[in-house]
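Welcome to this guided tour! Open the model in your viewer, keep the selection tool handy, and follow along stop by stop.

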Amino acid sequence: MNGLEVLVALTVGVVVGCSVYLMLTRELLRVILGSILMGYGINLALFMSGGVQEGAPPILNHDSAAPMMDPVPQSLILTAIVIGLGVFALLLALGFRTFEEHGTSDVGALTGVEHE
Amino acid sequence: MSNLVVAPIVLPLVTGAALIFSRRLTVQRSVSLVAALAGVAVSARLTARVWTEGVQTFYAANLPAPFGISLVADLTSAAFVTATAVAALAVLLFSVYSLERRLEEQYYYPAFQFLLVGVNGSFLTGDIFNLFVFFELMLMASYVLVALGGRPAQLRETLKYALINNVASAFFLLGVAGLYRTYGTLNMADLAMRIQLSDSGGWLTVIAVLFLVVFGVKAAMVPLHVWLPESYSAGPTPVVAFFGGVLSKVGIYCLLRTFTLLFVEDPAFTHEQLLLPLALVTMVAGIVGAVAKTDFKRILAYDVVSQIGYMLWGIALYTPLAVAGTVIFVVHQIIVKPVLFLCAGAAERVTGTTNLKRMGGLLTTHGSLAALFLAAAFSLVGVPPFSGFFGKVTLVRAAVAAERYATAAVALAVSLGTLYAMIKIFRLGFWGEVFGDRRVNKDSREFRGMIAAIAILVGASLAMGLGAEAVFTYAAAAADQLLDGQAYIQAVLGDFDPAAYALAPGAAPRPLTGPAGMAPQGDALSVPAESEPAGVPAPSGDQGNGPSAPAEAVPGSGVRGDGPAGGDPREEPGAAAPVEPAGR
């Protein structure tokens with residue numbers, strides 16, 4: 001484990017920490033942002049799942065004797081980001097409609113049905 | 001290699017995409033019903049083929065596993081896909097007759113088809129990252145469907161459902177990252193092979209717990225079930241019927257797959273110490289909730305949680321008989337749970353409420369509905385000759401055989417609780433004086449349509465119960481397949497030889513576990529001894545070959561397209577040569 005990996009691990013920790021902080025607030029928009037931010041933090045972890053590598057591009061007849069890079073984490077993170085964006089859009093729309101219908105963005109006011 | 005494997009995914013995908021372009025309800029209804037019928041036919045054919053010819057695989061673009069996207073249909077996934085298709089047909093038929101026009105017009109049918117894509121994809125994928133993608137597809141469609149109509153309560157509950165599942169999805173990705181970091185692959189068969197060949201030094205257990213949390217949220221395992229009861233009682237009834245039957249079972253299927261194929265390194269901890277207590281708590285907590293409620297849909301929603309406990313129990317016992325019982329039980333639940341919700345939906349259409357205190361005497365005015373509900377309730381509780389009995393009796397037999405008498409006692413006690421909850425529904429809603437509104441006549445076309453949809457599923461449950469012998473033979477074979485990881489690996493990877501690609505465990509040093517942790521320890525694979533680079537860094541041939549044989553490399557990889565699908569890459573020397581390590 002080299003220094004860069006430690007740095008990225010710490011970054012993931014900070015981002016996920018921020019997301020947890022956001023999710024613990026009572027404001028609807030912040031909760032949504034927190035849940036999306038957690039996905040982004042973990043995307044970064046996914047990016048590092050191949051480890052820190054130095055090497056040639058993963059092309060078979062590339063003129064280099066250095067070891068090749070692993071391209072898989074990059075494709076994984078790309079897919080995850082696109083999916084995350086779709087979910088983000090849907091959550092924002094859902095949150096906005098909920099705000100419109102209930103007239104409040106306080107999570108505490110959005111609890112159960114039967115307890116009203 | 002069989003294109004039939006991809007059919008249950010492509011069919012709803014094409015249907016759903018086409019339906020978006022038509023706003024005419026008659027077209028939407030008839031096309032989705034036809035597609036659902038075709039889905040039943042296709043999946044039944046797939047099941048028949050898996051039964052006669054063994055595990056079926058599909059490699060996208062003919063790129064062999066573990067490099068390409070692979071779909072795998074074994075007995076378990078084929079059975080689940082078929083049961084899902086039957087449930088989808090009945091639910092769609094019910095929707096045609098019962099759903100409000102306003103909801104139908106809001107792209108209900110396309111969203112339903114996309115949901116089917118996600119569900120069938122999750123059942124059939126052979127790659128853990130694609131499982132994530134199909135999961136997300138399924139969840140996106142399910143958010144749309146639960147919120148359909150946009151009543152305030154629906155929006156609020158959907159938001160909670162979406163937020164909780166979104167966090168679970170983030171954990172899913174973390175688990176995927178952990179697996180890739182530790183084993184360098186995401187294909188489930190390849191993962192299973194590497195897991196067998198190496199000792200992760202405890203990392204695998206950490207990842208297993210992460211996935212237990214993820215799939216536990218999706219399957220509504222207590223204490224991760226909190227999103228389920230309210231969102232299931234808020235959504236439109238046909239939607240909720242399908243969710244109660246199928247969606248939570250996708251989580252169970254994933255647990256069944258991963259905890260029999262991948263996370264088997266330390267069953268004493270993951271299965272016995274974690275899953276078993278959680279299963280019992282899930283059973284008990286679910287039924288306590290069901291007994292306490294007086295709302296038709298809420299009782300059923302809590303009962304979904306309780307039934308999840310039985311399936312977890314089967315996985316936790318981890319014996320062939322228990323796994324067979326789980327397979328029967330999941331199929332039984334996919335069929336029976338929608339019936340109960342559909343009965344609730346029909347009762348709601350008739351009386352205008354789901355509150356059992358404000359309805360009564362449905363037996364007098366709508367006898368056929370009462371009869372079908374009673375049959376489904378018997379099936380759920382486990383009264384022969386319905387399907388529920390045989391699922392439960394197999395699980396209990398497995399528990400007794402494994403000498404887990406206390407767990408069997410808990411399960412039987414929870415059965416009594418289920419019986420009580422069902423009797424409560426019947427006593428309040430169906431028996432007694434005629435009470436509450438009657439908005440739909442029992443001879444109307446609408447009511448007959450709803451009854452027909454319910455009757456399909458009750459018939460399926462009865463058929464499963466009457467053909468218990470055949471069902472059990474099938475489930476036992478499915479359980480053997482699930483527990484025999486070697487057969488799955490063989491079916492998916494064929495003669496794939498990791499050493500030929502310099503991919504053998506330990507070839508690439510991975511800092512988290514270290515080379516020592518990855519040392520191969522068995523001869524489970526047909527890896528020739530001299531090509532097994534135990535704990536040695538990747539041979540330089542891996543990248544050295546690139547420049548040295550550029551002319552061969554490109555055509556060679558093209559030839560490989562039809563090689564491994566046929567089974568033996570060695571028959572084509574040109575295929576394996578360019579990437580073979582120099583050491584061989």
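How far apart should the ends of helix H6 (residues 128–146) of chain B be, at 1.5 Å a residue? Select those residues and see. The model you are looking at is predicted. The 19 residues of this helix should span 27 Å, and its end C-alpha atoms are 26 Å apart, which agrees.

Keep H6(B) selected and show everything around it. Of its 19 residues, 17 are buried, so the helix is largely enclosed by the rest of the structure. A residue counts as buried here if 20 or more other C-beta atoms lie within 10 Å of its own.

**Next stop: a pair of strands**

Now select residues 56–59 of chain B, which form strand E1, together with E2(B). The two strands run antiparallel and are joined by 4 bridges. To find one pairing, click on Thr57(B): its bridge partner in E2(B) is Val72(B).

Stay with E2(B), residues 70–73, and look at its two sides. In a regular strand the side chains alternate between the two faces of the sheet. On one side of E2(B) you will find Ser70(B) and Val72(B), and on the other Leu71(B) and Ala73(B). All four of these are buried, and both faces of the strand are covered.

Most residues other than glycine have a negative phi, and most peptide bonds are trans. The next four selections go against that pattern, so take your time with each.

- Select Asn62(B), in the loop between E1 and E2 of chain B. Asn62(B) is not a glycine, yet its phi is positive, about 60°. Is Asn62(B) buried or partly exposed? Because it has 14 C-beta neighbours inside 10 Å, it counts as partly exposed.
- Move on to Tyr107(B), in the loop between helix H4 (101–104) and helix H5 (108–124) of chain B. The phi of Tyr107(B) is also positive, near 60°. With 18 other C-beta atoms within 10 Å, Tyr107(B) is partly exposed.
- Select Val222(B) and Pro223(B), which are joined by a cis peptide bond with an omega of about 10°. Pro223(B) sits in the loop between helix H9 (203–219) and helix H10 (228–234) of chain B.
- Select Pro384(B) and Pro385(B), where another cis peptide bond has an omega of about 10°. Pro385(B) is in the loop between helix H16 (367–381) and helix H17 (387–401) of chain B.

**Over to chain A**

What pattern does chain A follow along its sequence? The pattern is α-α-α, with 3 helices and 0 strands. A compact globule of 116 residues would have a radius of gyration near 13 Å, but chain A has 20 Å. Buried residues make up 28% of the chain.

**Last stop: confidence**

Bring chain B back and color by pLDDT. The mean for chain B is 84, and 85% of its residues reach 70 or more. Then select residues 505–584 of chain B, where pLDDT stays under 50. Where pLDDT is low, the predicted coordinates should not be read in detail. For the complex, the predictor gives an ipTM of 0.93 and a pTM of 0.86.

Technical notes:
Residues numbered from 1 in each chain as written. Chains lettered and ligands numbered in written order. Predicted model: local features only at pLDDT ≥ 70, side-chain atom pairs only at ≥ 80, totals over all residues. Expected span 1.5 Å × (residues − 1). Buried ≥ 20, exposed ≤ 12 C-beta atoms within 10 Å, placed from the backbone. Rg over C-alpha atoms; globule rule 2.2 N^0.38 Å. Pairing = 2+ DSSP bridges. pLDDT = per-residue confidence, 0-100. Contact = placed C-beta atoms within 7 Å.
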